[in-house]
Amino acid sequence: MAADTTETSPTNFVERLKTYVRTQKGSILAAEIVLSLIILICYAASRYGGYTAVAICEMAVAIVFFCVFMMDLDKQIKVVNWVWSDFIRAFTGALCYIITSLICVIRGAGDGALIAGGVFGLIAGILFAYDTYTIYLQIKSDRSQTAGPADERV
């Protein structure tokens with residue numbers, strides 16, 4: 001019986017990583033991490049390096065959530081509402097990237113690295129917004145499943 005449970009859930013870290021990246025949420029988080037790294041490099045190479053904070057923060061938080069979801073820690077640590085925390089992370093990431101990227105694209109005349117970071121930031125903002133939307137749909141479906149039967153005496 002124990003052999004059946006080990007076959008369905010990979011115990012090796014690399015196997016867990018490969019399995020999780022193949023899921024929709026895993027691929028979205030992996031794309032957010034990679035895009036944040038690209039944006040970080042672009043902003044660091046520009047004349048104005050002050051915009052790197054957004055990329056660093058969003059990448060770090062996305063890595064934390066990636067690891068938590070990949071290792072199924074969200075099912076073990078019940079103190080945190082992981083779905084709502086992930087929703088807030090994705091929503092603030094979308095807002096920060098869109099606002100910062102628009103500033104960088106508008107301001108970046110003559111600084112190709114800043115403009116490139118801004119363009120990648122807009123793409124990341126759209127990806128974070130899509131992640132927010134998918135989490136919203138998950139929250140909505142969870143609420144409809146847990147809602148009790150309506151009172152018909154009204």
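**Notes on the predicted model**

1. Helix 7 gives the largest share of the nonpolar patch, 4 residues. The patch covers about 490 Å² of surface and is made by Val34, Ile38, Val105, Ile115, Val119, Phe120 and Ile123. Helix 3 (24–45) and helix 7 (112–146) are the elements that give two or more residues to it. Patch members have over 30% relative accessible area and no salt bridge, with like charges joined within 9 Å and nonpolar side chains (Val, Leu, Ile, Met, Phe, Trp, Tyr) within 5 Å. Accessible areas come from the Shrake-Rupley method with a 1.4 Å probe, and for residues only the protein chains shown count as cover.

2. A word on the ground rules: this is a predicted model, where local features need pLDDT of at least 70, side-chain atom pairs count only at pLDDT 80 or more, and totals for chains, interfaces and linings use all residues. Residues are numbered from 1 along each chain as its sequence is written, and side-chain values use heavy atoms, with hydrogens and water left out.

3. The overall fold is helical: 7 helices and 0 strands. Helices here are DSSP runs (H or I, at least four residues), as are strands (E, at least two), numbered from the N terminus. Of the 154 residues, 32% count as buried, where buried means under 20% relative accessible area, exposed over 50%, and partly exposed in between (1.4 Å probe, protein chains only). Among contacts (heavy atoms within 4.5 Å) between residues at least 6 apart in sequence, 73% join residues at least 24 apart.

4. The unreviewed UniProt entry annotates "transmembrane region" at residues 26–46, 52–71, 83–108 and 114–133. Such positions are given in the numbering used here, feature names are shortened, and annotations may be inferred rather than shown by experiment. In the model, residues 83–108 are 96% helix, with end C-alpha atoms 36 Å apart. Residues 114–133 are 100% helix, and their end C-alpha atoms lie 28 Å apart.

5. Which residues does Arg89 pair with? One partner is Asp86, in a salt bridge at 2.8 Å, N to O. A salt bridge is a side-chain nitrogen of Lys or Arg within 4 Å of a carboxyl oxygen of Asp or Glu. Arg89 also meets Asp131 in a salt bridge at 2.6 Å, N to O. Arg89 lies in helix 6 and Asp131 in helix 7, so this pair ties together parts 42 residues apart in sequence. Salt bridges with shared partners join Lys25, Glu32, Asp86, Arg89 and Asp131 into one network.

6. Most residues other than glycine have a negative phi. Asp72 sits in the loop between helix 4 (52–70) and helix 5 (73–76), and its side chain meets that of Arg16 in a salt bridge (4.0 Å, N to O).
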